[in-house]
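Student: Can you take me through this structure? I'd like the packing and the surface.

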Amino acid sequence: MSPKDPISDPVDVIMPGDEERAVEEAAKEILSLPVVKDDTPPPLLVIFPLRRSVPFPGLIMPVHAQDGYEHGIMEKAVAQGDRVGLLLAPGMDEHGRIHKAKDMVQMGVLVEIHKRIKLPDGNTNYLCRGIRRFKVERFVRTGEVPIARVEYPEDIYPGGNEFDALARNVLQLAQQVSAHNPGLGEGFSLAALNIDPAGNLADFAAAYLLKDTEEKQKVLELLDVKERLIAVDEGLTKELVTLELGDRIQKEIRERIEAQQKEYFLREQISIIRRELGEEKDPEEQDRELFLGRLAEGEFPEEVRAKVQDEVDRLGTIPQASPEYSVVRNYLEWLTELPWCVSSEDRIDIDQAEKVLERDHFGLKDAKERILEFLGVRKLRPGHSGAILCFVGPPGVGKTSLAMAIAESMGRSLERMSLGGMRDEAEIKGHRRTYIGAMPGRVLQMIRRAGTNNPVIVLDELDKLGKDFRGDPSSALLEVLDPAQNNAFLDLFLDVPFDLSKVMFVATANNLYEIPGPLRDRMEIIQLPGYLRGEKVKIAQKHLLPRQLKEHGLDAKRLKLPVATVRAVVDGYTREAGVRGLEKSIASLCRKRTLEVARRKRPKPIIEPAGLEKYLGPPKYTEDPVRLRPGVGVALGLAYTTYGGDVLEIECAAFKGSGRVQATGRLGEVMTESCRIAHSFLRDRCEDFGLTAEQIAKHDLHLHFPAGAIPKDGPSAGLAIACTMLSRLSGKRLKARLAMTGEITLTGEAMPIGGVREKVLAAKRLGIRTVLLPRANKRDVDILEEEWTRGLKILFVDHFSDVVKLAFGR
């Protein structure tokens with residue numbers, strides 16, 4: 001490798017772990033090269049911005065260039081003659097880019113690139129030798145490759161005795177500071193002795209011994225060598241004082257530890273003597289030995305160890321009859337029994353995890369796939385904190401059991417905390433020890449019960465948290481569920497940070513919108529839709545019936561439910577998104593069959609659909625002709641509720657009046673506004689739909705939404721409300737088995753809505769054949785599984801006029 005063509009050799013590619021050795025060998029190779037002097041430095045320079053480092057002339061420095069933007073700058077400099085200008089860039093953005101001239105300082109160093117080393121991660125190290133200072137006159141370009149017009153100022157050497165004394169003082173200080181840093185070695189002092197002139201000595205000392213980046217940049221910008229030496233002298237003096245103070249602190253700590261060891265040995269000797277003499281120990285001494293023994297045998301963080309030692313010493317000064325004694329003792333029990341450093345080993349087998357999920361759950365394809373992805377990441381990178389999963393769906397779809405399956409798949413302890421109705425943040429953060437009966441929060445209680453610091457904790461019913469004048473536990477959960485800060489979770493009882501980053505939290509909720517926004521942002525939401533009728537039948541045969549037979553002491557010889565019978569139970573006795581009600585109906589069948597067996601009767605094991613009424617009574621749900629074949633003034637809408645989707649019946653009555661509209665059925669403000677919007681639109685465009693302005697102006701309309709005890713709100717019933725009004729005013733009925741959903745505007749446009757999946761499932765479950773949706777919701781329908789939409793005719797509309805054509809016909 002010649003000095004004129006320093007990087008003509010092939011690029012060195014090194015193996016992982018050899019980076020430092022490669023850089024050291026390259027630096028030795030560069031130092032062995034003769035210095036080639038070039039009296040004509042370029043007036044235009046390619047500028048490489050540095051994040052934190054400050055370059056100096058005459059030094060060998062590695063420049064780390066990340067693949068992409070930084071690598072492109074260095075390769076451009078190589079192509080222009082192996083010269084590049086290094087500038088500190090305090091204004092660099094988080095992606096390592098500069099956008100304007102003021103992002104960088106004005107004084108830098110011209111360097112010559114001698115060697116480049118390709119690193120295993122795709123980045124590159126460039127070995128450079130500093131040549132001289134330069135000052136930026138102006139930036140020609142600050143884009144992908146920054147270019148600046150520069151000048152090269154000369155150092156100013158004043159001379160004199162004071163100048164020489166300064167140089168010698170800097171040399172002496174540099175040797176003293178380097179003596180406190182074993183990493184520099186004896187070669188540093190020897191190199192400093194042989195550096196001349198004094199300006200180079202100041203640069204050398206500042207580069208290796210000063211810590212603050214601003215101080216280094218200040219030294220680089222000083223052209224007067226005397227002022228430069230003074231600045232380095234001040235910086236080295238402060239550094240020397242700091243190092244000497246650190247040595248003194250270290251000495252005091254060592255003496256204190258030696259005193260503690262001496263006290264420990266003396267106490268051990270006293271203990272042995274008392275034991276040899278047969279003297280009985282008092283309870284206070286027994287407690288002290290108990291907690292000190294736990295401290296010696298267990299693994300604890302230093303802060304906890306110091307806290308336990310202080311509290312044990314304090315315990316020895318409190319009489320046992322004092323109430324404070326039991327408070328301190330209880331506190332020590334919690335400190336020493338928590339698994340601070342005890343973790344269970346993850347046994348992640350993806351195939352086994354998939355078998356567990358398939359064994360315990362039917363359907364839920366998306367949720368299972370996301371759980372397996374999560375476990376795959378944990379297997380490849382065990383330390384990955386990952387996202388906090390939150391399963392959202394109607395009751396009875398398997399949210400809690402999915403969380404239990406995750407714990408079983410990972411081989412971790414499982415703890416469950418129900419948050420429903422919790423109103424006190426002390427349940428999460430604990431009580432201060434000043435209160436009588438104070439305890440840590442339930443999070444730490446579950447960790448203590450689990451015995452490891454990495455259990456799976458299920459936060460059940462997250463959307464049921466209370467919030468009133470008594471407290472806001474959702475705010476306390478922000479620290480628990482935030483991966484950026486739960487590594488130092490501070491319980492008010494312990495008053496010592498506990499690391500929750502290893503705990504896997506899984507939350508469940510019924511209604512996503514009841515979860516506070518900041519808490520929702522900290523979790524990854526996985527929606528669990530309701531089950532179709534066919535899926536419920538398979539779940540009942542595969543899971544629910546065998547479990548209930550076992551719990552009631554029956555077997556398949558005494559009770560059999562054919563597919564037709566299970567389907568009849570689903571259709572006639574349950575109407576839900578999950579399978580909880582279905583399991584209750586099957587349990588009722590099992591109880592009645594158990595009673596027959598106990599009375600020594602011998603009924604046939606098979607229960608036919610016709611015999612269900614004998615055991616479960618008359619069917620609770622039947623096909624309502626009003627719902628599926630609506631009369632005049634009745635339309636069917638689709639609603640999204642906490643328990644899944646539902647079909648909403650809307651009724652309208654008209655009578656002579658002054659054109660007013662009233663709505664009943666416990667409606668929210670948004671749904672009431674939808675009624676007024678629909679009425680105003682029909683009044684404005686009445687002629688388009690065969691109505692007259694006088695007909696609307698002289699009739700009052702009364703809209704009613706049955707099931708008046710249930711609150712209803714939202715804009716998605718706008719299209720159905722307008723159809724109900726039009727049906728009543730025109731005297732025409734809508735098509736049978738047709739339901740719709742969509743927001744309406746004053747111009748009649750059909751706006752998109754949410755909850756499409758749940759609404760489509762409800763329509764299919766309740767016998768709807770045709771569903772009208774806004775065209776903007778087509779993307780939501782495209783991602784639905786084919787089985788969910790089979791048998792449904794889904795039509796998309798852009799305007800209310802499209803709805804009229806499809807819903808009323810000609």
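Predicted model: local features only at pLDDT ≥ 70, side-chain atom pairs only at ≥ 80, totals over all residues.

Student: How many residues are in the largest nonpolar core?

Tutor: It has 66. A nonpolar core is a set of buried (under 20% relative accessible area, 1.4 Å probe, protein chains only) Ala, Val, Leu, Ile, Met, Phe, Trp, Tyr and Cys residues joined through side-chain atoms within 4.5 Å. F48, V63, M74, V84, F134, L229 and L236 have the most contacts inside it.

Student: Which helix gives the most to this core?

Tutor: Helix α3, residues 161-179, with 8 residues; helices are DSSP runs of H or I, at least four residues, numbered from the N terminus. A second, separate core has 50 residues, including L419 and L512.

Student: What is V63 in contact with?

Tutor: Beyond neighbours within four places in sequence, V63 touches F48, L50, M74, L86, T124, N125, Y126 and C128. Contact means heavy atoms within 4.5 Å.

Student: Now the cysteines. How many disulfides does the search find?

Tutor: It finds 0 in the whole structure, a disulfide being a pair of cysteine sulfur atoms within 2.5 Å.

Student: Is C590 buried or exposed?

Tutor: C590 counts as buried because its relative accessibility is 0%. C341, at 34%, is partly exposed, the class between 20% and exposed, which is over 50%.

Student: And I257, where is that found?

Tutor: In helix α7, residues 225-277. I257 is partly exposed because its relative accessibility is 40%.

Definitions and conventions:
Residues numbered from 1 in each chain as written. Heavy atoms only, no water. Helix = DSSP H or I, 4+ residues; strand = E, 2+ residues; numbered from the N terminus.
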